[in-house]
Amino acid sequence: MSSLVECIGLSKSYTAQKMAVSSLNIKIEKGHIIGLLGPNGSGKTTLIKMINGLLTPTEGEILINGYAPGVESKKKVSYLPEKTYLSAQKTVQSLLDFFEEFYDDFDKERAYKMIESLKINPEDALKTMSKGTKEKIQLILVMSRNADLYVLDEPIAGVDPAARDYIIKTIISNFNPEASLIISTHLITDIENILDEVILIKDGMMVEHASVEELREREGKSVDSYFREVFAC
Amino acid sequence: MLKKLIKYEWNECYKLIGLINLVVLIFSIIACIALSLLDFQGDNARTAFSMIFTMGYGVIYVTVLMAASFGVTLFIYIRFFKNLFSSEGYLMHTLPVKASELIISKLVVAYIIHFITSIVIVVCIGAIVLCIGANLTGDFSFVRQTINEIVSLELPADAIAWFVVYLVGVVITMLISPLFSALTGYFSLSVGQLFNKYKIVWGIGVYFLITFIVQIITTVFVVPISFSMSYSEAGVFISQSVQMMVSSGIMCVCVVVFYLVVNHIVSKKLNLE
C-alpha cells in the first residue's frame, strides 16, 4: 500500500550553520491521527510547511499521495497554519464563498452548520472578532473540506480551555475516518486520547515514530509523561 | 482556476483603484470648471488672479496626477507582496493552482488597473487642454485648425514612413510598459524574499539596482543610434523611431526574463516564514 505522506531524507536549513529539519524519513498511512510533538524550534512547523509546499526542502523529497507538493497534492491537503492567515477585512460569508470556489471538496453546508452553532453572523468581518473566534472560523473552513490529509499546526495553542474543547470536538466530529490528520501541539494532555500515532521531533531529527498504544505499553506511561522525560531541560 | 483568481484579485483591488481615479476626476472637473470661468483677457487684476490661480492649481493638479500614478504602482507592488509573501500567502500558496496562475492573475489585474488609470489621466488632461483652448479662443474651432495644420504639413515621404514606425514604437511601449512596471516590482520583491532577513529592504534594493541596469542597457543601445543619424527632418524621425523600437524591444525582453524569474522563485524557491 502506498503511503499518504512519505518523507525521504528530508532536510531544510535556513542558515549554513543550523538544520531546521535533518534527514527525516517518515511514512504516514491513511486513516490515522498523528501527533507531531516536539519543543519550540524542533522543526515541526518547518516540516508542516514543506508538506504544504510553503517551504522548499534543501535536500530530499516529500510525496503526498505520490505527488510532490503542487496542484495535485493541494487538492488533497487541508492545512491550518499556526497564525491567522485570513485577511481581517473579509467577512465569514466571503471566506465561505472563496473556499467553495477554489476547493472542490469544500462542504459549505457543513461549514454553515458549524458557524450557526457558534452563533456567528456570516456577514461579520474577521476584524470584529476575538482571537478565539477567528481561530474557530479558520478551523471550520479547514475541517469543512473532505480532504485526504488534514494538517493542523498548533490548533489549540493560545485559546481558552472552552475554545480548546470546541476545537477538539470539531476536529473529531468532522474528521473523515478514511483520511489522516497530522496535529502539531505542545498541549499533549488535551489531545492524547484522540491520537493513533506520535512523531517526536528534537532539533530537526525524528526521535520516535510509534503508535500511542505501543508507546504506552513499552514505556509504561502516558505520551505526555514520556514527552516530558524525553524533552526535559 | 485562472478566471477565478482574476475575479478574486479584481474584487480585492477595484475599490481603492476606483477611489484614486475618482480623486483624479474630481480635481480635473474642478480644473475644467475653473478654467472655463477664469478671465485671461480682462483687466490686469482679473488676469493676474486667473494666472496665479491657474499656476497654483496647476502645481496641485500635477502633484495629484503624480501621486495617483505612484499610488497605483505602489498598491500593485504591496498587493503582490502581501498576498503572496506575507501571512496571506499561506492561503494563496495552498490553493490548488499553479504558481504561474497566481502571477498571471495579478499581472492581468495590474494591467487593467494601469490601463484604466492611464486612460483617466489622458482624458482628464485632454479635457483640461480643451478647456484652456476654449477659454482663450472663445470656442472649440482651434481643434479643427490644429488638425488642419498637422494634416497640411509637407514632410518628405520617408519621414512620414519613419513617423509611422515611431508611432508603432509608441503603441508597443504603451502596451508593454504596464507589464514592465508591474514585473519590475514583482521581480524585485521575489528576489528579496530569497534572503533570510530584511526581505522588503532587499526587494527595494533590487528594484533600484535593476532599474539602473535596465537604464544603462537602454542607454548603451540607444545613444549610438542618435549619433549615427543625420540632423535632417527625416534623420530626426529615423533616429527617434529606431530609439523607440529599441527601447520597447529591451522592455519586451525584460518582461519575459522578469516573468520567468518570478515564476521560478514562486514555484521552486518559495520560503514562506
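Helix H1 of chain A is largely enclosed by the rest of the structure, because eight of its eight residues are buried. The model is a predicted one. In chain A, H1 lies across strands of an open six-stranded sheet.

**Helix H1 of chain A**

- The buried residues of H1(A) are Lys44(A), Thr45(A), Thr46(A), Leu47(A), Ile48(A), Lys49(A), Met50(A) and Ile51(A).
- H1(A), residues 44–51, lies across E3, E5, E6, E7 and E8 of chain A, and its direction is at about 145 degrees to E6(A).
- Gly53(A) follows H1(A) and has a positive phi, near 75 degrees.

**The sheet of chain A**

- Six strands make up the open sheet, in the order E5-E6-E7-E3-E8-E9, with mixed pairing.
- Strand E5 (77–80) and strand E9 (205–211) of chain A are the edge strands, each pairing on one side only.
- From one strand to the next, the twist averages 15 degrees.
- Helix H5 of chain A (residues 131–143) lies across E5 and E6 of chain A, at about 175 degrees to E5(A).

- E7(A) is mostly covered, with six of its six residues buried.
- Ser180(A), Ile182(A) and Ser184(A) point one way from E7(A), while Leu181(A), Ile183(A) and Thr185(A) point the other way; all are buried.
- In a regular strand, side chains alternate between the two faces of the sheet.
- E3(A) and E7(A) run parallel and are joined by five bridges; Ile34(A) has Ile182(A) as its bridge partner in E7(A).
- E6(A) and E7(A) also run parallel, joined by five bridges, and the bridge partner of Asp153(A) in E7(A) is Ser184(A).
- Strand E3 (residues 33–37) of chain A pairs with strand E8 (residues 197–202) of chain A in the parallel sense over four bridges; Leu37(A) is partnered by Leu200(A) in E8(A).

**Helices H1 and H2 of chain B**

- The axes of H1(B) and H2(B), the latter spanning residues 44–85, come within 11 Å and cross at roughly 170 degrees; the two helices are therefore roughly antiparallel.
- On the H1(B) side the contact includes Cys13(B), Leu16(B), Ile17(B), Ile20(B) and Phe27(B).
- On the H2(B) side, the contact residues include Phe53(B), Tyr57(B), Tyr61(B), Phe75(B) and Arg79(B).
- By class, the residues of this contact of H1(B) with H2(B) are 17 nonpolar, one polar and one charged.

**Domains of chain B**

- In the contact between them, 20 residues of domain 1 of chain B meet 16 residues of domain 2 of chain B.
- H2, H3 and helix H4 (99–137) of chain B each supply at least two residues of the domain 1 side, and H4(B) gives the largest share, nine residues.
- That side of domain 1 has 15 nonpolar, five polar and no charged residues.

Definitions and conventions: Residues numbered from 1 in each chain as written. Chains lettered and ligands numbered in written order. Predicted model: local features only at pLDDT ≥ 70, side-chain atom pairs only at ≥ 80, totals over all residues. Pairing = 2+ DSSP bridges. Axes fitted to C-alpha atoms, helices over the stretch in contact; angles between N-to-C directions. Contact = placed C-beta atoms within 7 Å. Buried ≥ 20, exposed ≤ 12 C-beta atoms within 10 Å, placed from the backbone. Parallel < 35°, antiparallel > 145°, perpendicular 65-115°, else oblique. Nonpolar A, V, L, I, M, F, W, Y, C, P; charged D, E, K, R; others polar.
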